[in-house]
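Me: I have a structure open and want to learn how to read it. Can we go through it feature by feature?

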Amino acid sequence: REFNDKKIYNNPQIKSEAGKIERMFSMLFEAFYEALETGDTTSEIYKNYLDAFAPEKRKKYLDGTSNAGIVRDFIAGMTDDYFNDTFGEIYMPRKRRL
């Protein structure tokens, strides 16, 4: 706990980026929520989360959890690198060679 407090929760370098991170969370939340609402099975929330459930567990989870809860669970399970990479894939232009 002491390590986390010093290196993460109270780290001035991280605190200075908090506003950006909050906006990233909001943008990813919206993207995944929309994917669930529209049934976009090409979204990361399906490919790298819901599709990993066994069919009977997936049905029970979907029936018992709101779309907002599903998105929350998915984002909460992301590593920092996966979060950043996924944000980049969704919102940043791809580099193209001409």
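Me: Let me start with one side chain. Is F87 buried or exposed?

Reply: Keep in mind that this is a predicted model. To judge burial, look at the relative accessible area; under 20% is buried. F87 has a relative accessible area of 10%, so F87 is buried. You will find F87 in helix α7.

Me: Which residues is F87 in contact with, leaving aside its neighbours within four places in sequence?

Reply: F87 is in contact with M24, M27, L28 and M92. M27 lies in helix α3. Its contacts, not counting residues up to four places away in sequence, are F87 and Y91. M27 is partly exposed, at a relative accessible area of 32%.

Me: How far can I trust the coordinates?

Reply: Where pLDDT is low, predicted coordinates should not be read in detail. In this model the chain averages a pLDDT of 91. A score of at least 70 is reached by 100% of the residues.

Me: Where in the chain is confidence lowest, and where is it highest?

Reply: Confidence is lowest in α2, with a mean of 74. It is highest in α6, at 97.

Me: Now the inside. How many residues does the largest nonpolar core have?

Reply: A nonpolar core is made of buried residues joined through their side-chain atoms. Here the largest one has 17 residues. F32, L36, I45, Y49, L50 and I70 have the most contacts inside this core. At least two residues each come from α3 (18-38), α4 (44-47), α6 (67-76) and α7 (80-91). The largest share, 5 residues, comes from α3.

Me: Which residues of α6 are buried?

Reply: They are G69, I70, V71, F74 and I75. Next, ask what covers them. The cover includes α3, α4, α5 (55-64) and α7.

Me: What about the surface? Which residues form a nonpolar patch there?

Reply: The patch is formed by I8, Y9, I14, I21 and F25. Together they have about 410 Å² of accessible area. α1 (2-9) and α3 each supply at least two of the patch residues. I14 lies in helix α2 (residues 12-15). With a relative accessible area of 37%, I14 is partly exposed.

Me: Let us turn to charges. How many salt bridges does the count come to?

Reply: First, the general idea. Side chains of opposite charge can pair when their charged atoms come close. Here the count comes to 4 salt bridges. One of them joins the side chains of K47 and E44, at 3.6 Å from N to O.

Me: Why are K47 and E44 separated by about one helical turn?

Reply: An α-helix has 3.6 residues a turn, so residues three or four places apart point the same way. K47 and E44 are 3 residues apart in helix α4, so about one helical turn separates them. K47 is partly exposed at 46% relative accessibility, whereas E44 is buried at 15%.

Me: Can we look at other salt bridges?

Reply: D51 and R58 meet through their side chains at 2.8 Å, N to O. D51 is partly exposed, at 44% relative accessibility. R58 is also partly exposed, at 22%. The side chains of D73 and R72 form another salt bridge, at 3.0 Å from N to O. D73 counts as partly exposed, with 24% relative accessibility.

Methods. Residues numbered from 1 in each chain as written. Predicted model: local features only at pLDDT ≥ 70, side-chain atom pairs only at ≥ 80, totals over all residues. Heavy atoms only, no water. Core = buried A, V, L, I, M, F, W, Y, C linked by side-chain atoms within 4.5 Å. Buried < 20%, exposed > 50% of the residue type's maximum accessible area, 1.4 Å probe, protein only. Helix = DSSP H or I, 4+ residues; strand = E, 2+ residues; numbered from the N terminus. Patch = residues over 30% accessible without salt bridge, like charges linked within 9 Å, V, L, I, M, F, W, Y side chains within 5 Å. Areas by Shrake-Rupley, 256 points an atom, 1.4 Å probe, with all protein chains shown as cover. Contact = heavy atoms within 4.5 Å. pLDDT = per-residue confidence, 0-100.
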